Amino acid sequence: MFQKILVAYDGSPSSEAALSQGAELARLGGSELYLFGVIVSTGGMAIGQAAGAEDVLGREGNAIRSSLDAVAGKLHAEGLRVVTQTAEGNPAEEIARYAVQTGADLLIIGHIPHFSLGHWLQGSVAKALLRELPCSILVAKEH
């Protein structure tokens with residue numbers, strides 16, 4: 001089945017759903033699980049960083065890394081093979097780059113159940129990934 005499963009993870013409820021499904025698939029298939037967090041440095045985050053003295057990206061990066069480490073520790077204790085990584089940039093571009101780099105067979109992302117004008121104008125991360133990825137995508141929904 002899938003040998004390398006990549007989960008886009010940011011600690012949000014939708015990424016928790018992706019993680020849960022990714023971990024279950026990894027258990028069933030004996031797969032490696034790659035947890036990947038993106039520190040968003042585009043759009044509003046870039047404006048916020050430029051406008052203030054506060055290190056917004058640094059704080060965001062620390063939060064994502066801490067969350068990834070905690071989740072990876074729990075999954076390691078359950079016997080799963082887990083690798084964590086973070087990158088800074090555009091989520092779709094960074095996720096696609098890391099999927100290629102790792103040779104992922106499957107990417108799992110969380111579904112965000114809302115619609116906005118900005119979302120429509122810029123396109124979703126999932127749509128951008130469909131154009132870029134060499135592997136299958138599973139969009140996990142919260143239950």
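Analyst: Let's start in the sheet: Val7 has Leu35 in β2 as its bridge partner. Keep in mind that this is a predicted model.

User: What makes β1 and β2 a strand pair?

Analyst: The bridge count. Pairing takes at least two bridges found by DSSP, and β1 and β2 (residues 32–40) have five, in the parallel sense. So the pair qualifies under that cut-off.

User: How do you know which hand the β-α-β crossover has?

Analyst: Follow the chain from β1 through α1 to β2. With the strands pointing away from the viewer, a clockwise path over the helix is what gets called right-handed, and this crossover is right-handed.

User: Why is β4 counted as a partner of β1?

Analyst: Again it's the bridges: three of them join β1 to β4 (residues 106–110), and the two strands run parallel. The cut-off is at least two bridges, so this counts as a pair.

User: What makes you say β1 is largely enclosed?

Analyst: Buried means under 20% relative accessible area. Four of the five residues of β1 (residues 4–8) are buried, so the rest of the structure largely encloses this strand.

User: Why is the contact between Arg27 and Glu78 called a salt bridge?

Analyst: The closest N and O atoms of Arg27 and Glu78 are 2.4 Å apart. The rule asks for a side-chain nitrogen within 4 Å of a carboxyl oxygen, so the contact passes. This pair links distant parts of the chain, 51 residues apart: Arg27 is in helix α1, and Glu78 is in the loop between α3 (56–77) and β3 (81–89).

User: How do you know whether Lys74 and Arg27 are exposed or partly exposed?

Analyst: Exposed means over 50%. Lys74 has 55% relative accessibility, so it counts as exposed. Arg27, at 40%, is partly exposed. Glu24 at 39% is partly exposed, and Glu78 gets that label at 38%.

Conventions. Residues numbered from 1 in each chain as written. Predicted model: local features only at pLDDT ≥ 70, side-chain atom pairs only at ≥ 80, totals over all residues. Heavy atoms only, no water. Buried < 20%, exposed > 50% of the residue type's maximum accessible area, 1.4 Å probe, protein only.
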